[in-house]
Every structure is written in C-alpha cells, then in structure tokens.
Amino acid sequence: MPDRYEPASFEAKWRARWAKAELFLTREEPGRPKFYCLDFFPYPSGAGLSVGHCRNYIPNDVVARMKYMQGFNVLHPMGFDAFGLPAENEAIKNKTHPAPMIDRYAATYRRQMDLVGISYDWSRSFKSSDPTYYKWTQWIFKLLYQRGLAYRANAEVNWCPKDKTALANEEVVAGLCERCGTPVEKRQIPQWFFKITDYAQRLIDDLDDIDWPEGIKAMQRNWIGRSEGIEFELKVAFDESGQTSFTDQLAALEAEVAEEAGGQVPGAVAEKIATLEAKLGIHAQKVGADPMPITRSDDFAIKGKPLTFRVFTTRVDTIFGVTFCVLSPEHPLVDEIIKRAPEQGPAVREYQVQARRKTDAERTADTKDKSGVFTGGYAVNPANGKRVPIYIADYVLMNYGTGAIMAVPAHDPRDFDFAVKYDLDVVPVIKPTEEYLAGTSLEDYCANPKNHVPVFTSKDSVMMNSGEYDGLTYEEGTAALGQWMEGHGIGERKIQYKLRDWLISRQRYWGCPIPVIHSKDGEMHLVPDDCLPVYLPDVESYEPADDGSSPLAKISDFVNVTDLDGKLGRRETDTMGGFACSSWYFLRFCDPYNDEKPWDQERVNYWMPVDCYVGGAEHAVMHLLYARFWTKVLFDAGLVPVKEPFQKLKNQGQVLAMTPYRHPKQGETLAPGEEGVLISFKEAEGIPDDQKFYRWARMSKSKGNVVTPEEAVESYGADALRVYELFVAPFDTDVQWSNEGMNGAVRFLSRVCKFVSDHAAHYDVGWKAEIDAVPAEGRSLAFRRATHQAIQKATEDIERFAFNTYISAMMIYVNTLSDLTKGLQPNRAEKLAISEAIESLVLLMAPSAPHTADELWESLGRLGFTYGESWPKFDPSLTVDDTVTIAVQVNGKLRDTIEIEATADRAAMEAAALESPKVKVYTDGQTIRKVIIVPGKLVNVVV
RNA sequence: CCCCGGGUGGCGGAAUGGUAGACGCAGCGGACUUAAAAUCCGUUGGCUGUAAGGCCGUGUGGGUUCGAGUCCCACCCCGGGGACCA
C-alpha cells in the first residue's frame with residue numbers, strides 16, 4: 001500500500017485497467033435516472049492540449065463520475081469539430097491534406113484526455129468530417145430547406161480576403177475577421193442562409209427557462225437585439241419653405257385615388273377622406289401647425305407617384321423634435337430624389353462612392369466623426385406637417401430597420417453630433433430634469449440646446465413643444481402617437497431585431513457539402529436521401545480561389561451530375577461553415593452508430609436535454625445560438641423532445657501563465673493595448689531585470705507559455721493536476737498556474753495515502769453491518785461526525801460546481817482524521833468509525849483523484865473500481881455537533897465566544913451570554929435594551 | 001458610451017445579513033538529519049500592549065439594520081462583451 005502519492009507507480013496501471021474493463025462505456029440500465037454530461041465539441045488543434053484546456057474537462061469529469069456513483073446512467077462523450085477554416089488553414093500551412101492531419105491531431109487530444117483520466121466513452125466518438133456524420137448534417141440541411149429555413153440569396157457579405165471566404169456576421173469582430181484579424185470587405189455573392197431570424201423571439205423567450213450564466217443570456221439577448229417601436233411613412237417634398245398641412249396630404253391622396261380610378265373619386269372613398277379631413281384639421285390645430293387652405297401641392301406628384309420612405313423609431317414621443325431625416329447611402333430612394341433634385345446629384349454620388357469604399361472596420365473606427373450630405377429632398381413630418389431636409393449619411397445602416405431614420409438631435413447623441421456638424425436645428429421636445437439642467441434654466445436650454453452636452457436621452461420625463469401631447473410620459477406619448485398613426489394608416493407598431501440570418505456558405509474545400517443540385521433551367525433540387533451523403537471529393541489540391549468561387553467548382557467530376565432522368569446539373573460547390581456541423585453533435589452522441597437515420601427517437605428522448613454543458617464563454621453568441629436554433633427547428637419537426645438543448649451551462653475560467661515581456665527598444669512601437677514585446681523564457685534569461693517584466697497571460701502556443709498535460713503529469717501526476725485545477729480557484733474564474741500550487745496538491749494526496757495506509761490495519765470490510773449497533777461516543781462519534789460532514793459538504797459542493805471548496809473540505813477531513821487518530825489505540829467502536837472514514841475518504845476522493853482512489857481501494861483488499869461503488873450518503877443526525885461555539889456581541893461588537901449545548905434554547909443562550917465576564921465589563925452599569933438571539937449562532941446584547 | 005462580471009492578508013481564495021480571512025501557497029520558528037531535500041509540529045491581517053486585552057480592517061463615500069464583505073445609493077479601479085442597431 002502506498003503511504004505517499006507516487007503517481008508513477010500506479011496511475012498508468014489504472015488507466016490501462018479502466019480501458020480494458022471498458023469502464024466508461026455508456027450504460028442504459030433500466031430503472032436508473034439519466035445524466036448527460038457534455039463538454040464543448042473541440043477543434044483538435046495541432047498544438048495539442050495545454051493544462052489550460054483541462055480546466056474544462058476535469059470538473060465536468062468530477063460531476064460525471066459522482067453522478068455515476070450516485071446511480072445515474074451517465075452519458076459523457078467526446079468528439080471532434082473537424083471541419084472548418086482552422087483545420088483547413090492549418091493544413092494549407094503545413095502543405096498537407098486536412099483529413100489525415102485532423103486524424104492525427106484528434107488522436108493526440110484523445111491521448112492527452114486519457115492521460116489525465118477523463119471518463120469519456122470513446123466508443124461513441126466521431127469527427128464532424130466523418131461521412132457517417134456529415135451525411136446527417138446534410139439531411140438536416142434538407143429539413144431546414146424543406147421548412148423554408150434555408151435559402152440562397154445574392155447578398156452583400158463579409159468577405160475575408162485572407163481566408164478567401166464569406167463569413168457570418170458573428171465571425172466579424174469590429175470589422176475584422178475573427179480568425180485572422182484581416183479587415184473584411186464587402187462582396188456581392190450568391191450565398192446560403194439559414195433563416196434564424198424566424199426564431200428571434202423564441203430564442204429570446206426560452207432563455208428564461210434554462211439555467212445558464214446570466215452574462216451569456218444577456219449577450220444573446222443583446223445580440224438578437226429586440227426593440228419595439230413604430231415604423232411609419234414620410235412623404236418627400238422638394239420645397240423647403242412650403243408648409244404642407246394634413247389637408248394637403250389628403251388632397252394629394254385624393255388626387256392619387258382619382259387617378260387610379262380614372263378621374264372619378266368613388267363616393268365611399270370621398271366620404272372617408274372627408275371624415276379624415278375633419279379629424280386631421282382638428283389635430284393640426286391642436287398641435288399648432290398652420291391650418292393651410294386646401295391647395296394642390298404638386299410636390300408629391302411630380303412625374304407620377306408621390307415619393308415616400310419609411311422610418312423605424314423607438315422614440316416616436318420625440319417626433320415633434322425631428323429637424324432632419326437621414327437615409328443610408330445605399331437607400332433606393334436616393335436615386336429617385338436626385339433624379340428630381342439634380343443639383344445635389346454630384347455631391348450625393350460622390351458620397352455614395354466613398355461610403356461603399358469604406359470597410360466595416362473603417363466605418364466603425366470613426367464612429368465619432370459623422371459625415372453626410374444633403375440630398376435636395378425634404379421630408380414631411382406627419383405629426384406637424386413641417387418639412388425637414390433629407391440627408392444621406394453612413395451612420396445609418398441599410399440593413400437595420402428601414403435604412404432610414406427620423407433625426408431628433410435634441411434627444412439622440414448621434415443625430416446631435418450630425419446636427420452640430422452641419423448646422424441643423426435642434427428642437428428639444430422632452431422636458432429635461434432639474435438634475436440635467438444643473439443650474440441653468442429651461443429657457444436657456446430651449447434657446448441654446450447645442451450648449452448642453454451630452455444630450456438628454458432619458459425616458460423618465462414628459463413631452464413638451466408637442467402640441468396636444470405636451471405633458472405625456474414616454475409610455476403615454478408612445479401609445480397615443482402609435483394609435484394615431486395606426487388609426488390614420490401612417491404607420492404601425494413593429495418589433496425590430498438586430499439579429500440577421502445566419503450565413504453558412506463558405507467558398508472553401510474543408511466543410512460539409514451542401515446537398516443541392518442546380519439544374520440547367522436555373523432551378524434548385526435537393527439531393528435525394530438515398531444519394532446522401534454528398535461526399536467531399538478526395539483531392540490533392542484544395543486551395544481557395546479569391547474570385548469568390550469554391551475550390552470544389554474546379555473539380556468537374558464533383559460538379560457535373562446527371563439525375564435519374566438524364567438531365568444535366570451542377571452541384572452546389574459552397575460548403576457549410578463549421579458551426580452547422582456543431583449545431584447537432586449532442587444529438588448524435590445519443591445514438592452515434594445509427595446508419596438508418598440521424599438518431600433513433602427513443603435514444604434522444606431518453607438522453608436529451610444535456611444536463612450539464614461545460615465550455616468557454618467565447619462561444620456565447622455563435623455555437624450556443626445556432627445550436628439552440630437547430631434544436632428548435634428539430635423540435636418543431638417533432639424529431640427531438642426538447643425546445644432547448646442545454647439545460648445547464650457553465651463557463652470555466654481560463655488558465656493564465658506567467659509570461660515574459662520586454663520594454664520596447666528605441667524606435668519600436670507597440671500595438672494599442674500592448675504593454676511590451678512578447679519574448680520567450682530563453683530570451684528573458686539573457687535580459688537584465690529592469691528591461692523585462694512578467695504578466696499573467698492566457699496559455700497559448702503563440703505566447704510560448706504553455707504547460708502541457710504531459711509535462712504536468714510527468715512532474716506531479718495526473719491526480720495532482722486534477723486536484724490542483726479543482727482547488728486553485730472557483731470554477732468560473734481565471735487561475736494563475738503555479739508549480740508551488742501543484743506541490744500543495746501532491747502533499748495533500750500524500751496525506752490521504754498516509755492516512756489510509758497508517759490505519760488500514762484497523763479497516764474492517766464488514767463495518768457497515770455493525771456500526772449502527774455499537775453506539776458512537778467520544779472519539780468514535782467525532783470520527784463519524786467528521787465523515788458525515790465531509791460527505792454532505794462534498795456532495796453539495798460538487799452539485800453546485802464549487803470544486804474548490806469540495807477539495808478544501810477533503811483537506812479539512814484528512815486533517816481532522818489525522819488529529820483524531822494521534823496516539824490512538826482504537827477500541828471496537830473506533831475501529832468501525834475509522835473503517836467508515838477510510839472508505840468514505842477514498843470514495844469521496846474518487847471523482848477528483850480516481851487513480852489514487854482505485855490504488856487505495858485495491859490496497860484495502862477491495863475488488864473492482866471505485867467508479868462502480870456507491871457514492872457515500874450522509875446521515876443528517878451525524879452532521880451536527882452537540883456543542884456549538886456562539887458569538888456574544890455587545891452593540892454588534894464581538895466581545896466573547898462561548899461553548900454551549902447545541903440544543904440550548906433562547907433563554908439558556910441569553911443567560912449564558914450575560915454571565916460571561918467579558919460581556920459584563922460592557923454591560924455593567926448599562927441598561928439592557930434588547931437582546932437579539934440567533935439560535936446556534938450568536939447573542940447580541942444592546943445596551 | 002452601453003451591458004455583464006469582479007475589487008477581501010505577501011499570494012490563490014473561504015464566508016444562507018450573524019465570530020471576516022476557512023483551505024492552500026509563500027514566509028517565520030522548531031523537531032528529525034552529519035547536512036540538505038522530504039516529512040512532521042507551531043506560527044503568520046495591521047497597529048498597540050510584558051500580558052490579558054484594546055483599536056483598526058473586505059476599493060472610496062454615504063445609507064438601511066441590533067448587526068453589512070454580503071442589502072440600497074453615488075463614485076473610483078480592474079477584467080470581459082457589445083458598440084453609430086434609430
């Protein structure tokens with residue numbers, strides 16, 4: 001029996017035995033509840049795993065192991081996200097084919113995961129690039145297509161010139177390619193999209209039902225970006241001075257109707273217009289607009305149809321403060337306006353060209369500096385009939401809302417900046433608070449709104465300068481104006497989302513082929529089920545072209561197909577982005593060998609949802625949103641029993657390592673945000689202290705600060721690595737790697753071994769049958785209490801993902817047991833209690849230090865594995881002590897602590913507290929006003 | 001600018017509104033050793049005091065409470081995310 005932790009002597013042996021016994025094969029034994037424990041689907045990088053990656057696998061492994069011991073059927077699988085740009089780029093760099101490369105890398109991952117003893121069921125493993133898997137990815141694509149959720153459209157997309165492919169919106173960060181940092185360009189290419197926008201509302205709503213970190217939920221809500229507002233129509237005029245009353249607008253409408261009806265206005269329509277006229281006239285007077293005589297303004301009807309455009313706003317309560325409107329440079333109305341107001345044409349065209357040339361990165365870089373140009377047209381504010389100039393500016397985005405806005409510079413900072421720059425009016429229409437005015441008067445604010453920065457944007461105030469709407473709150477004003485607009489057909493309430501459809505086409509080789517054939521007549525056909533999968537052709541050369549076409553397009557054997565009727569067609573040559581493949585892998589794990597269908601319904605009904613999903617927070621809005629979307633589609637199709645795939649989600653913290661930097665040399669410049677120049681540890685040795693410094697940085701190959709699992713296991717042992725990573729910090733916070741900390745874990749495991757080996761002689765396998773018959777008292781009771789308290793703490797802590805305090809409780813347990821056994825010649829009761837303690841200790845340690853636990857288990861003469869044993873249960877009556885230490889406070893200040901019977905009632909506690917000489921010092925000569933008693937905790941005497 | 005986290009000894013961290021600093025690391029003192037490593041025992045928030053003890057102490061300032069690391073308000077700092085989304 002080992003009396004200290006000697007990993008080299010037994011860890012490898014146990015891993016081999018677990019493998020031989022197929023210990024972690026998923027069981028579906030009837031009568032046991034299920035638990036699905038899943039880690040994020042990793043892309044197997046060529047750099048291999050670092051101890052940083054283990055921080056996600058180890059804690060979830062502890063959960064999986066405990067759940068199994070508690071009697072659950074546990075599904076704990078692992079596979080590899082093999083398709084996609086990272087793999088393909090790596091293969092190109094190494095001048096090799098991605099398929100064998102990925103196989104090699106995945107094998108390394110598996111070896112490393114096995115090395116630290118993760119209890120995966122490898123029999124269920126697959127790679128997303130396996131044809132047996134991607135066949136079903138294609139099958140689901142077809143399902144989406146059939147349900148109207150996959151479509152091809154010619155669209156302006158984010159094009160990464162380095163990766164030579166289109167990217168999804170989620171893969172573009174601040175205008176740069178998320179993967180390689182290259183500024184993305186815009187390109188018009190036919191692309192495949194999934195219609196995730198159809199599910200926007202459900203993707204928000206169902207977040208309420210799942211146990212995820214609030215931060216991730218917030219990020220998803222934010223990304224989906226729901227906003228409620230009103231979309232309404234404005235008419236375009238070409239004369240600034242002319243006021244157009246509502247009656248004018250009605251007259252124009254009448255003319256329009258008459259034109260369509262062949263010169264004669266139908267009676268019913270005329271009547272309707274008359275009533276509207278009456279209503280509108282009253283309204284116009286109320287809001288203070290000039291009641292203009294009915295004249296036929298030809299502004300609206302020059303050369304045919306009147307020009308109109310629609311805007312979306314969440315602040316219709318500020319509509320009386322509109323002083324200009326802005327169209328996005330790409331807005332189709334712009335052409336129409338300059339056709340009719342040609343004098344602004346050249347300037348407008350020039351600006352459009354400039355805007356187009358800018359990349360998203362440039363556009364976002366100068367968000368402060370607004371630019372734009374007047375179009376020559378005016379918009380008529382439907383609320384008050386006022387005409388305001390129409391500008392184009394690139395701060396208005398074509399792909400959000402209607403691509404046009406009403407600008408209220410008094411209450412919107414962006415509009416304000418623009419108004420200041422182009423000397424446009426600012427008309428306050430929301431009464432600012434006293435706090436905002438900060439001393440100056442309301443008159444001064446209204447007279448010189450441009451002197452008041454930042455602008456007043458709060459919704460917690462009332463309307464002013466808004467005619468009959470003055471004094472209404474945001475809610476009231478929005479409701480009243482919304483009703484008015486809807487009543488008069490000017491606009492309607494609407495909900496907008498920022499979320500756009502998910503672009504899945506990649507013009508690259510290494511991805512799942514899209515099962516579509518384009519026939520000669522331009523129609524698209526899905527590849528029939530019995531022809532799936534569409535195999536990715538095995539080719540020598542697969543480098544991407546930069547003309548926007550996929551490398552598959554050059555492979556004529558792949559492209560040219562003939563259908564059953566002998567008709568010629570061309571295969572779709574784009575492949576699916578990697579996120580498609582990882583949007584359903586958790587379903588395949590439930591039934592990975594099925595070659596009839598993607599999964600057997602019963603298997604998925606049994607295992608889904610995932611009970612505990614663990615991975616990094618960086619996938620907050622990509623994988624996690626896409627997987628939720630697919631699950632909902634599959635739910636709607638009746639193929640999965642759950643609306644949400646991941647019931648509980650946990651994000652682990654990163655592992656940071658000390659990383660050397662040096663100060664920049666003369667002439668060297670640092671990128672923004674950089675503190676110094678990254679150097680290797682070797683370089684650092686040769687540099688004097690005052691020229692270098694160390695920072696904690698995320699472990700990564702590029703930083704040269706990686707500690708591999710092999711190194712850690714070699715120097716300290718796998719169980720030490722596991723215990724260290726569990727103990728060093730809470731699960732979700734970043735940790736700083738330290739060799740000293742690893743030594744602490746080694747010492748602790750040695751103390752566990754020492755305790756067990758020192759007292760193995762007293763171990764009685766049959767303790768369970770006898771222990772309750774021998775009354776525990778004194779030391780034996782103390783043993784039993786320590787044991788049951790440890791069981792309770794360990795169970796609850798693992799359940800709530802508090803692995804650091806679980807390990808801490810184990811340390812306390814071992815320390816307590818060691819203290820209790822000092823110089824002990826145990827009697828029968830004590831021997832039984834020690835037996836219980838030894839066995840509980842080993843089993844409680846099993847999820848975190850499984851090798852050591854099994855080694856000790858065997859040394860105790862037990863057969864099999866701790867994995868197959870039952871998780872210890874605690875007896876609540878044995879978790880409480882009979883005396884407690886209570887705090888005695890005077891006026892809330894701690895003055896004494898006293899030992900007292902745990903069962904002491906309030907009166908006894910009070911009496912004991914008041915008797916304390918230390919308390920008397922403070923209470924003598926004082927009047928006791930009140931005594932607060934918290935049973936079992938404290939007494940507070942108020943004098 | 002907005003939205004999330006988070007600021008506790010020399011360090012990592014613990015603490016259902018109820019004894020702040022559990023547990024570990026590092027340090028210090030001691031035992032064992034020819035010596036060192038390893039191990040074991042003791043000790044370790046600051047100030048003050050011979051001691052018993054006292055005072056201060058969880059980013060800053062206020063508040064609620066018998067009692068605040070924990071709840072509320074304002075602010076400062078650090079980390080992450082989103083950023084012209086109308």
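Chain A splits into domain 1 (26-127 + 580-651), domain 2 (138-225 + 501-578), domain 3 (227-244 + 297-408 + 486-496), domain 4 (655-698), domain 5 (720-878) and domain 6 (883-942), with bounds taken from an automatic or database domain assignment. This is a predicted model, where local features need pLDDT of at least 70 and side-chain atom pairs count only at pLDDT 80 or more, while totals for chains, interfaces and linings use all residues. Residues are numbered from 1 along each chain as its sequence is written, chains are lettered from A and ligands numbered from 1 in the order in which they are written, and side-chain values use heavy atoms, leaving out hydrogens and water.

**View 1. Domain 4 and domain 5.** Taking the centres over C-alpha atoms, domain 4 and domain 5 sit 44 Å apart.

View 2. Strands here are DSSP runs of E with at least two residues, and helices are runs of H or I with at least four, both numbered from the N terminus. In strand 10 (residues 324-327), F324 and V326 point one way, C325 and L327 point the other, and all are buried (under 20% relative accessible area with a 1.4 Å probe, protein chains only; exposed is over 50% and partly exposed is in between). Strands count as paired if DSSP finds at least two bridges between them. Strand 10 runs antiparallel to strand 13 (residues 404-407), joined by four bridges, and L327 stands opposite A404 there. With strand 12 (residues 387-393), strand 10 pairs in the parallel sense over three bridges; look for C325 opposite I390.

**View 3. Helix 27 alongside helix 29.** The axes of helix 27 (residues 778-799) and helix 29 (residues 828-845) come within 8 Å and cross at roughly 20 degrees. That makes the two helices roughly parallel (angles under 35 degrees; over 145 is roughly antiparallel, 65 to 115 roughly perpendicular and the rest oblique). Axes are lines fitted to C-alpha atoms, for helices over the stretch in contact, and angles run from 0 to 180 degrees between N-to-C directions. Residues of helix 27 including F783 and I791 meet a set in helix 29 that includes A833 and L844, where contact means heavy atoms within 4.5 Å.
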